[in-house]
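Work through the exercises below with the structure open beside you. Try each task before reading its solution.

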Amino acid sequence: MKISFQHPSFTADTVIVPILKNDQLARITEELAVRFSLPTDRLSTDFVADAGQVLPLYGPTSQRTLLLGLGEKGGQIDYLKTFRKLFFEQKAKLTSSVAVDLTILADHTPDTIEAILIGILTAQNDPGLYKTDRTETPAFFGPDGQLALLINDIPTDQTMLTNAEIMADTTRQMLDLMNAPGNYKPPVALANWAIQSGQQYGYAVRVLYRAELEAEGLHALLSVSNGSDQPPALIIADYRPANPATELPTVGLVGKGVTFDTGGISIKPSASMHYMKSDMGGAAAVLGTVEVAARLGLPMRVVGIVPATENMVDGRSTKPGDVVGSYLGKTIEVIDTDAEGRVILADGLGYMIRNFTPDVLIDLATLTGSVIGTLGYEAAGLFTQNDDLATQLTTAANRTGERLWRLPLWDAYKDDLKSDVADLKNYSGKPMAGAITAAKFLEVFTENHPAWAHLDIAGMAFADTEFGHQKNATGYGIRLLIGYLRQLAILS
Ligand code: BES
Ligand code: ZN
Ligand code: ZN
């Protein structure tokens with residue numbers, strides 16, 4: 001699909017007119033009523049601009065106009081979701097040329113335009129890739145499709161168009177990876193994705209397979225993979241800008257890559273176990289962010305590390321009570337084999353700080369059911385001792401709408417991880433403050449890094465969306481992290 005800015009006189013088969021529900025609505029409705037020769041009172045009764053409301057209007061020629069309500073507030077995520085839903089639901093009816101008329105929408109900053117474009121482009125997402133009777137891609141999304149953004153003053157700098165295309169393209173690949181069934185994405189599939197991406201976009205990717213993991217002592221990661229026939233991997237994606245700005249920090253990102261979590265010997269109930277193919281949501285956010293950083297040519301080094309494994313049930317599985325080692329040498333008593341995320345992240349974090357000494361260290365993981373109990377599906381848990389980092393990440397979260405809410409990391413919670421037999425245990429055994437004690441466990445393996453943040457994205461990575469009746473991938477984390485990295489580039 002080709003995307004361009006065009007003057008308002010441009011004609012397309014379908015024109016979408018996004019309209020906010022604000023004090024301008026009465027005036028706008030009146031103007032539209034004149035333009036389409038409709039009675040004003042009828043139009044203002046039928047179109048109230050609630051978020052997602054769609055009113056088709058026909059004429060004056062064969063053109064079809066869709067008035068699209070945006071609701072009262074105009075955050076990036078609201079624009080993104082409203083456009084994504086419209087284009088997804090209208091998929092079958094989309095003409096090959098579509099225009100979005102931005103002239104009525106006063107708020108057309110680059111942020112808004114990027115959000116609208118990402119919404120439109122990610123509407124191509126299809127969780128049904130494994131169906132045999134798949135419908136063809138609509139012409140609009142194909143090479144001959146055209147999307148025109150109608151605007152009075154065409155911006156001279158059009159990088160926002162390509163930037164949005166990059167964000168959407170990488171995000172869609174991550175949605176496909178997240179939605180992929182466990183049997184289609186063993187740990188090596190994540191590694192192969194990263195290797196291919198690194199070659200395509202010019203960043204270094206190194207993968208440690210079993211022999212190297214053993215040689216280098218990533219015992220915690222290996223212990224989780226014990227029960228699986230699929231070999232584990234540690235994926236290292238290292239983007240270095242061609243002309244790095246020397247004052248910018250190196251950012252280390254670590255993502256949980258459990259490609260399927262049965263719980264292991266502490267096996268999960270079966271009702272929702274199939275959703276545990278999504279337990280690599282942190283990995284998707286990290287790999288996606290490194291790819292986007294490379295494609296956008298961001299000015300700082302970004303290193304992504306993904307410990308990837310399955311967590312399976314087998315005669316060789318790690319058992320409750322087993323004591324396992326770790327890359328940093330600390331011993332872990334595995335109380336519950338379903339608390340496997342923190343165990344593999346121990347090695348991911350340890351490997352990152354020992355080998356890359358990042359200035360900022362952020363990990364993302366679908367780590368606990370507890371964070372869903374706490375924040376539901378509206379925000380990810382943010383854990384950090386660093387107030388500046390908390391502010392920066394929260395600013396990016398508020399701006400992108402990929403919400404974060406800070407939870408405490410007080411040492412009072414540390415006692416819950418004391419083990420009588422090893423350096424620490426992986427679960428307190430108490431059904432309380434689970435997201436916090438998980439974060440306290442990770443903290444041990446950051447060796448008090450001064451700028452570490454942990455994001456528990458269990459409720460955000462996989463959720464109810466317009467794409468299907470079952471939960472599916474959201475792509476959470478990429479826009480948030482790219483937003484954070486862009487802020488760093490601007491502030492310096
Ligand atoms: N992958 C799960 C967490 C999860 C739950 C993610 C629901 C997404 C949706 C994690 O490995 C896990 O099982 N955590 C346990 C930890 C407990 C045994 C200490 C949990 O949260 O119940
Ligand atoms: Zn688990
Ligand atoms: Zn898990």
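Four donors count as tetrahedral if all angles lie between 85 and 135 degrees; four count as square planar and six as octahedral if opposite donors are over 155 degrees apart and all others between 65 and 115; anything else is irregular. Donors are N, O and S atoms within 2.8 Å of the metal (3.2 Å for Na, K and Ca), and sites may look incomplete since water is not among the atoms.

This is a predicted model: local features need pLDDT of at least 70, side-chain atom pairs count only at pLDDT 80 or more, and totals for chains, interfaces and linings use all residues. Residues are numbered from 1 along each chain as its sequence is written, chains are lettered from A and ligands numbered from 1 in the order in which they are written, and side-chain values use heavy atoms, leaving out hydrogens and water.

**Exercise 1. Find the donors of the zinc ion (ligand 3) and name the arrangement.**

Step 1. List the donors. They are Lys-256 (NZ), Asp-261 (OD), Asp-279 (OD) and Glu-340 (OE), at 1.9 to 2.4 Å.

Step 2. Read the spacing in sequence. The pattern is K-x4-D-x17-D-x60-E.

Step 3. Check the angles. The 6 donor atoms subtend angles of 77 to 173°, which makes the arrangement octahedral.

Step 4. Check burial. Buried means under 20% relative accessible area, exposed over 50%, and partly exposed in between (1.4 Å probe, protein chains only). Lys-256 is buried at 1%. Asp-261 is buried at 2%. Asp-279 is buried at 3%. Glu-340 is buried too, at 2%.

**Exercise 2. Place Asp-279 in the fold and list its contacts.**

Step 1. Locate the residue. Asp-279 sits in the loop between β10 (257-261) and α9. Helices (H or I, at least four residues) and strands (E, at least two) are DSSP runs, numbered from the N terminus.

Step 2. List the contacts. Contact means heavy atoms within 4.5 Å. Neighbours within four places in sequence aside, Asp-279 contacts Lys-256, Gly-257, Val-258, Asp-261, Glu-340 and Thr-366.

Step 3. Compare with the metal site. Lys-256, Asp-261 and Glu-340 are among these contacts, and they also coordinate the zinc ion (ligand 3).

**Exercise 3. How do α9 and α14 pack?**

Step 1. Take the axes. These are lines fitted to C-alpha atoms, for helices over the stretch in contact, and angles run from 0 to 180 degrees between N-to-C directions. Helix α9 (residues 281-296) and helix α14 (residues 478-491) have axes 9 Å apart, at an angle of about 45°.

Step 2. Classify the angle. Under 35 degrees counts as roughly parallel, over 145 as roughly antiparallel, 65 to 115 as roughly perpendicular and the rest as oblique. The pair α9 and α14 is therefore oblique.

Step 3. Name residues at the meeting. From α9 they include Ala-284, Gly-288 and Val-292; from α14 they include Ile-478, Leu-481 and Leu-485.

**Exercise 4. Repeat the analysis for α4 and α5.**

Step 1. Helix α4 (residues 110-122) and helix α5 (residues 159-179) have axes that come within 9 Å and cross at roughly 40°.

Step 2. These helices are therefore oblique to each other.

Step 3. Residues that meet include Ile-113 and Leu-117 in α4, and Leu-161 and Ala-164 in α5.

**Exercise 5. Which phi values do Thr-357 and Ala-433 have?**

Step 1. Recall the background. Most residues other than glycine have a negative phi.

Step 2. Take Thr-357. Its phi is positive, near 30°. Thr-357 lies in the loop between α10 (341-356) and β14 (360-365), and is exposed at 59% relative accessibility.

Step 3. Take Ala-433. Its phi is positive, about 50°. Ala-433 lies in the loop between β17 (424-425) and α13 (434-444), and is partly exposed at 29%.
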